[in-house]
Amino acid sequence: MTGSADIDLDGPPAPLLEVRDLRVHFKTDYGTVKAVDGVSWSVNEGETLAIVGESGSGKSVSAMTILGLVPSPPATFPSGDIFLRGRSLLKMPERQQRKLRGSQIAMIFQDPLTALNPVFKVGDQIAEMVRTHQDVSKHTAKKRALDLLGEVGIPNPAVRINQYPHEFSGGMRQRAMIAMALANDPHVLLADEPTTALDVTVQAQIMALLEKLQEDRNTAIVLITHDLGVVASYADRINVMYAGRIVESGTADEIFYSPRHAYTYGLLSSLPRMDQSRQARLQPIKGIPPSLARVPQGCPFHPRCTFATDACLPQVPELMPVDGAGHSAACVHSDRVAIAYDERVTQ
Amino acid sequence: MTAAAPQGGLGTADAARQPMLEVRNLVKHFPIRSGVFFKRTIGQVKAVDGVDLNVYRGQTVALVGESGCGKSTTARAILRLLEPTAGEVVLDGVNVTGLGKQDLRKARRDMQIVFQDPYASLNPRMTIRQILSEKFQLLGQEVNRKTISDLLDTVGLAEEYADRYPHEFSGGQRQRVGIARAIAMNPKFIVLDEPVSALDVSIQAQIVNLLEDLQDELGLTYLFIAHDLSVVRHIADRVAVMYLGSVVEIADRDDLFDRPYHPYTQALISAVPIPDPRLERRRERIVLRGDVPNPANPPSGCRFRTRCWKFEQLSESDQRRCIEEPPPLYDVGDNPGHQASCHFASLREVVRA
């Protein structure tokens with residue numbers, strides 16, 4: 001850890017990574033797509049923050065923006081900043097940004113087959129990552145790649161280091177990508193659907209590996225996923241996103257046991273549960289998520305919401321604190337949602 | 001529950017009835033060929049290696065397992081979308097495996113499939129009306145405006161959608177079209193091959209409900225292929241777990257989830273995270289070693305032994321039994337119709353522990 005030197009002794013320490021009022025818009029023929037529209041969150045050492053949402057909710061775009069992977073144009077960034085230990089990432093010169101990305105902040109992608117280069121050996125790709133950020137010899141970098149492959153649980157690393165991605169199974173590729181992400185001991189790991197492409201028994205292996213690495217290195221993990229089961233097992237705090245905004249934020253227990261946004265309520269009610277014998281009928285959310293180019297007026301969820309009234313229409317609800325210190329929801333009817341959820345649970 | 005099968009899923013009640021679908025010792029091997037000019041067969045990928053299955057009228061049987069376990073190949077071999085290498089499939093008294101081309105086409109009226117990917121399974125250059133009419137035309141049947149609008153209505157789509165193209169639809173709507181196509185000919189039996197895996201959570205529940213409603217209304221029999229065990233627990237009456245081409249455990253739904261006997265089933269269920277943080281903190285996950293072995297060269301004896309957590313705890317002589325002797329499916333537990341193929345099968349609670 002390098003933390004102590006950076007901490008301001010007068011105030012509370014700056015969070016490890018903070019995103020403040022981030023907006024990422026894309027100009028298209030169909031109008032402006034507001035993929036991320038005013039999103040703020042932060043994550044600290046050793047903590048796992050989950051960003052949950054369905055396809056097109058903007059959950060991946062915010063992570064890609066942190067890593068500078070969203071090209072502009074077509075993207076525009078009408079507002080927002082990203083802070084790493086209190087230092088603005090976006091105000092740094094490009095060269096300095098590049099230095100931090102990949103070393104201090106690293107990313108694990110959903111599909112390891114497309115994220116790894118098929119024509120280079122896995123070991124060389126990891127070694128390249130080391131040499132990009134550290135002034136070491138080829139030999140040292142290769143040695144480091146070997147250690148990393150062993151650390152992420154790849155059997156026979158000395159053989160595997162000289163193989164190509166197609167010779168790896170899906171789970172092994174994901175391990176190799178984690179090794180690459182760890183190459184420079186990052187403080188923050190952005191994991192974008194890290195196990196979605198994998199089978200459940202392999203998912204359990206990969207998540208166990210991430211948990212162990214987090215424990216050993218005190219890494220902050222930002223877990224971007226649509227899988228509420230994974231979130232329930234691994235997240236400390238959760239941001240629920242809908243149509244480019246965070247609609248509810250809280251601890252895992254707050255989100256799962258006392259949801260205060262109608263969308264969170266809807267998601268939890270629509271899930272089939274493996275631990276319960278057949279429920280009479282699933283309670284789906286009606287309709288489909290809106291196109292981000294045509295987000296409905298007022299609360300973006302209101303056309304699909306069973307709680308909606310005229311009060312939802314005039315403006316987009318702000319994220320407001322509800323019970324508990326960190327629990328907030330952007331819902332006009334958060335009290336009614338709370339009552340409805342309690343009734344549902346006691347039934 | 002399904003209206004057509006009031007006792008659906010209860011092994012005892014089923015025993016007296018004739019199954020809608022009978023699968024006997026189904027085998028599908030894919031040859032591995034090598035050579036430039038003269039292709040020689042140098043091996044076999046044993047994708048499906050002797051599967052037996054009964055599905056009763058109005059019942060939903062789920063076939064679960066991880067990628068490469070052979071669940072989709074089994075389903076396709078049942079429909080003869082892939083020609084089975086050996087075995088017998090009997091659908092409502094008709095031996096499907098023995099049918100010639102003409103008769104097979106007629107038999108397909110009774111057996112249909114809904115595919116996983118609603119983006120790849122609809123022809124992008126055909127309107128929904130054309131896609132749905134094609135079915136009737138293939139069998140030389142009359143099709144009119146009302147047929148199509150009724151069909152769309154059944155799956156919850158408005159008639160005005162009939163003249164649109166697939167790209168104008170969302171994933172959930174496309175899957176409704178795929179379902180409409182499958183039920184168009186009033187089939188008796190439908191294979192649902194991961195029908196909700198590609199859909200968002202909030203849409204999944206809509207499609208699951210639609211499938212259940214259709215089963216009630218039309219008395220359909222389903223073979224549900226899935227890897228998502230939460231959906232399976234909701235929709236299935238009976239569950240068969242596959243590993244490397246064979247069924248390793250089969251039981252009625254609640255029996256399988258609450259009282260699993262095979263170490264693979266136990267690992268599979270324990271690996272599924274449940275959306276309940278307090279429960280998750282309590283649960284112990286069985287983490288398996290390594291990956292699924294290559295089906296072209298499966299392990300001797302029990303195919304699961306290379307990853308088995310129980311194998312590691314056995315004495316050397318017991319281990320030898322796993323290595324040498326392939327375990328048969330045999331009755332386990334107290335409830336009828338519960339079978340597992342493990343020499344050392346024993347109950348272990350994994351959903352809540």
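**Helices, sheets and contacts**

Tutor: The crossing of α12(A) and α13(A) is left-handed (the near helix is turned anticlockwise from the far one by less than a right angle; clockwise would be right-handed). Helices (H or I, at least four residues) and strands (E, at least two) are DSSP runs, numbered from the N terminus. This is a predicted model, in which local features need pLDDT of at least 70 and side-chain atom pairs count only at pLDDT 80 or more, while totals for chains, interfaces and linings use all residues. Residues are numbered from 1 along each chain as its sequence is written, and chains are lettered from A and ligands numbered from 1 in the order in which they are written.

Student: At what angle do α12(A) and α13(A) pack, and how far apart are their axes?

Tutor: Two packed helices are described by the angle between their axes and the distance between the axes. Here α12 (residues 262-270) and α13 (residues 334-346) of chain A pack at about 20°, with axes 10 Å apart. α12(A) is therefore roughly parallel to α13(A) (under 35 degrees; over 145 is roughly antiparallel, 65 to 115 roughly perpendicular and the rest oblique). Axes are lines fitted to C-alpha atoms, for helices over the stretch in contact, and angles run from 0 to 180 degrees between N-to-C directions.

Student: Which residues of α12(A) meet α13(A)?

Tutor: A262(A), Y265(A) and S269(A) meet V337(A), A340(A), Y341(A) and R344(A) of α13(A), contact requiring C-beta atoms, placed from the backbone, within 7 Å. Five of these residues are nonpolar, one is polar and one is charged (Ala, Val, Leu, Ile, Met, Phe, Trp, Tyr, Cys and Pro are nonpolar; Asp, Glu, Lys and Arg charged; the others, Gly among them, polar).

Student: Is the crossing of α5(A) and α8(A) left-handed or right-handed?

Tutor: That crossing is right-handed. α5 (residues 122-133) and α8 (residues 170-182) of chain A pack at about 20°, their axes 8 Å apart. V122(A), Q125(A), I126(A) and M129(A) of α5(A) make the contact with A176(A), A179(A) and M180(A) of α8(A). The contact has six nonpolar residues, one polar and no charged.

Student: In what order do the strands of the open sheet in chain B run?

Tutor: Pairing requires at least two bridges found by DSSP between two strands. The eight strands run β6-β7-β8-β3-β9-β10-β12-β11 in chain B, with mixed pairing. Helix α10(B) lies across β9 and β10 of chain B, at about 105° to β9(B).

Student: Into which domains is chain B divided?

Tutor: Chain B has domain 1 (11-110 + 185-340) and domain 2 (127-182), with bounds from an automatic or database domain assignment. Their C-alpha centres are 30 Å apart. Eleven residues of domain 1 of chain B and ten of domain 2 of chain B form the contact. On the domain 1 side, α7(B) gives the most, with four residues.

Student: How many residues of each chain are in contact with the other?

Tutor: The contact involves 37 residues of chain B and 38 residues of chain A. On the side of chain B, the largest share, seven residues, comes from α7(B). That side divides into 19 nonpolar, nine polar and nine charged residues.

Conventions
Two residues are in contact if their C-beta atoms, placed from the backbone, lie within 7 Å.
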